Amino acid sequence: MVNALVVSVHPRTDSLTAAARERALAALREGRHTVTLIDLYAEGFDPLLSEDEHRRHRDPPETKPQIADHVALVRACEMLVLVYPTWWGAQPAMLKGWFERVWVNGVAAEVHDDGRPPSPLLTNIKRIVVVTTHGSPKWINAIEGEAGKRFAKRSLRASVNRRCRVNWIAFYGVDRSTHERRARFLDRVSRRFARIA
Amino acid sequence: MRITVVHAHPSANSFSRALLDTVLNALSSHDVNVCDLYADEFQPALTEAEHREYLGANPIQDPLVARYADNVMAADALVFVYPTWWSGLPAAMKGWMDRVLVQGVAFGFNDKNRVVPRLGHVRRIAGVTTYGSSRLVTALGADGGRRTLARALRISAGWRTRTTWLGLHRMDTASDEDRRQFLDRVRREFETW
């Protein structure tokens, strides 16, 4: 049993992303995990790092009440699940902004002044699962450089548990996909989460 | 050349702003317009209504987005000036791509629903950015901004489009001299345009 935090990003409730999120939530609950959902669009999250937050980016997170709820959830989870559509090879602005505003100094990592690399602070996170859809086929995304995948597999590692596993559950070619292929993808999401569970 | 410069930084006295000013000065003989995302109060989150028109006739529904899109469609070159955050583009700039570079602007669909690039008129793409990390860590990590702009976006422009990348690494410990040298390098690069 783990404490899972699901961060879901899509402007539409009738999207493939939303359907994939529901499958993930159902499988996790079936496995009797503790599940918390952050739906960034639904709660109207503001993805813009403000001038004030930028100026105070080294200040302790306790001085930033506007992110306190999300910080508490991130600090409490053992599994982080990100569900989003890949646009232009990377996360939507909404999700990128969530990391910029919430995964700040003192939450994600401790920055040192003596030149040492930052120390990870979210060692509670031992598993990251990404569920994402791509409009274009896989070979195009390979040429585009898969910035979103590298973010999940590399950049995030600097802030989480050393032994954190990263699972990448991706669907490519939504633009030209059939109903059957999308249904198979959703089944794959259910199966993968059932196994994780 | 007609050049569109996109800039994203919340602070008016940032080094990023100094980079923007340097770029604009060096390009003063060209026809330049600026998408200054924070100053213009651009909202980066693609909206539900916009997403419903992803394949439709009206993917652009906001006057500011329409202005930015006109700038892009008329551009011979695109220049991006921004701080690298979390190994990639700031949300403001990613949102500029999500909302402005839509169907009819950056790409279209043919009758088989395959993507057709639409930015063939863009002959040059340049990125000017600062990194907190070293060159090595950037190379081993994601370098998401460069991948997104010099690779993903470039596909919509074409293989003959030249890309230029200027990065200042270890920004947090860079000396005034490092910064001055980088500004100089940026100025010299854009003066050759």
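This is a predicted model: local features need pLDDT of at least 70, side-chain atom pairs count only at pLDDT 80 or more; totals for chains, interfaces and linings use all residues.
Residues are numbered from 1 along each chain as its sequence is written, chains are lettered from A in the order in which they are written, and side-chain values use heavy atoms, with hydrogens and water left out.

Reader: How many helices and strands does chain A have?
Author: Helices (H or I, at least four residues) and strands (E, at least two) are taken as DSSP runs, numbered from the N terminus. Along the sequence they follow the pattern β-α-β-α-α-β-α-β-β-β-α-α-β-α, which comes to seven helices and seven strands.

Reader: Why does the radius of gyration of chain A agree with that of a compact globule?
Author: The radius is taken over C-alpha atoms, and the globule rule is 2.2 Å times the number of residues to the power 0.38. Because a compact globule of 197 residues would have a value near 16 Å, chain A agrees with its 17 Å.

Reader: What percentage of the residues in chain A is buried?
Author: Buried means under 20% relative accessible area, exposed over 50% and partly exposed in between, with a 1.4 Å probe and protein chains only. Of the 197 residues in chain A, the buried share is 57%.

Reader: Which residues does UniProt list for the Flavodoxin-like fold?
Author: UniProt annotations may be inferred rather than shown by experiment. The unreviewed entry places this domain in chain A, at residues 3-177.
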